[in-house]
Amino acid sequence: MSNPPLSANSTILGIESSCDDTSAAVMINGKIASNITASQDVHRKYGGVVPELASRAHQSHIIPVINAALEKAQIRLKEVDAIAVTQGPGLMGSLVVGLNTAKGLSLSLNKPLIGVNHLHAHIAALHIENSVKFPMLALLVSGGHTQLIWVTETGNYEIIGQTIDDAVGEAFDKGAKIMGMGYPGGPEIAKWASQGDPLFHKFPDSQTENLEFSFSGIKTSLLYYLKKSLKEDPEFLEKNRAHICAAYQHSLIEMLLKRVKKALKIYPTASIGLVGGVSANTMLRNSFVRLAHQKNLESYIPSFEYCTDNAAMIAQAGLFLAEQQKFLNLDELPYTRA
Ligand code: KG4
Ligand code: ZN
């Protein structure tokens, strides 16, 4: 299929299904007209995402979610100029649901298909509400990734540091699990932490090279700290849950900011951006903005609905790719980049 050039005025339908959120969004004239996300409660009782259950839930959510996004944007399917869809990274069975739906729409509407990298889309989320000043240092913090990315212009991403083991979102989720709390652990820990003393205990940072992160040690240190304390007082956790959550969250944030400060000394930057699911954390958001003020930099953090997985960011990243005429060839397999 030869694709007509798309402009910033195009109408783009974005589709996201890489993990456990099914989302569809419509972007018209470079503005988000709708962003509808169905989350999956089915994983809660397992304490983590169960891939097979995720792909089944995507199958039942995807069409109603797309219809709701079109309805909210007050457009009909045939008015869509292009379909942008998450290609990866993500869970294979989940990605395939979004990709096949997008492929079906592309074929039946005879409209181009745009394959979006999920991580680039998290960064693109910063452009939804801001006019970004480059070069920008982006901190991407999600359930699967922790990266420092130097962005010299839209679409030009250089990973300058990343985790050598767990992602910071995993540190939140696993920490919550250790403390017998629900999934996803980030919001649970944040809720308790708001009532606690962040200096109640110091969890040690891991020694890493250059701009690398490491979060596997801190969850082990939480485990041993609790074991030891519970031996002395079996009610230690119940009595101090808010303080422990506040201290654990504070230590995680310090570990993140330490690497951001280090990167700022090396890379000339005009602005800093915070993206990914963990950027929904209020303490992290506040600390990030404070750091930007201290360093006299602009800072960008998406609104909550654009922090965790959503299709608005897929539509925005899709628009950037469409402007560069980067479309998926429907005959090219495989589509996924898991
Ligand atoms: O970006 P995202 O929605 O999905 C991935 O691509 O991984 O990120 C999910 C992660 C989970 O680890 C979740 O616990 C974390 O984001 N998260 C938070 C908060 N809200 C979500 N972590 C800390 N504080 C929050 N308020
Ligand atoms: Zn994500």
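Hi everyone, this short talk goes through a zinc site and some aromatic contacts in a predicted model.

A word on conventions: residues count from 1 along each chain as its sequence is written, and chains are lettered from A, with ligands numbered from 1, in the order in which they are written. Local features need pLDDT of at least 70 and side-chain atom pairs 80 or more, while totals for chains, interfaces and linings use all residues; side-chain values use heavy atoms, leaving out hydrogens and water.

Let's start at the metal. Which residues coordinate the zinc ion (ligand 2)? They are His118 (NE2), His122 (NE2) and Asp309 (OD), at 2.1 to 2.2 Å. Donors here are N, O and S atoms within 2.8 Å of the metal (3.2 Å for Na, K and Ca), and water is not among the atoms, so sites may look incomplete. The donor spacing in sequence reads H-x3-H-x186-D. His118 is buried at 7% relative accessible area, and Asp309 is buried at 15%; buried means under 20%, exposed over 50%, and partly exposed in between, with a 1.4 Å probe and protein chains only.

Now the rings. The whole structure holds six aromatic pairs, meaning Phe, Tyr or Trp rings (six-membered for Trp) with centres within 6.5 Å; planes under 30 degrees apart are stacked, over 60 edge-to-face, and the rest tilted. Phe203 and Tyr225 sit 5.6 Å apart, centre to centre, with planes at 90°, so they are edge-to-face. Both are buried. Tyr225 also pairs edge-to-face with Phe236, at 5.7 Å and 85°. Phe236 is buried too, at 12%. Thanks, folks!
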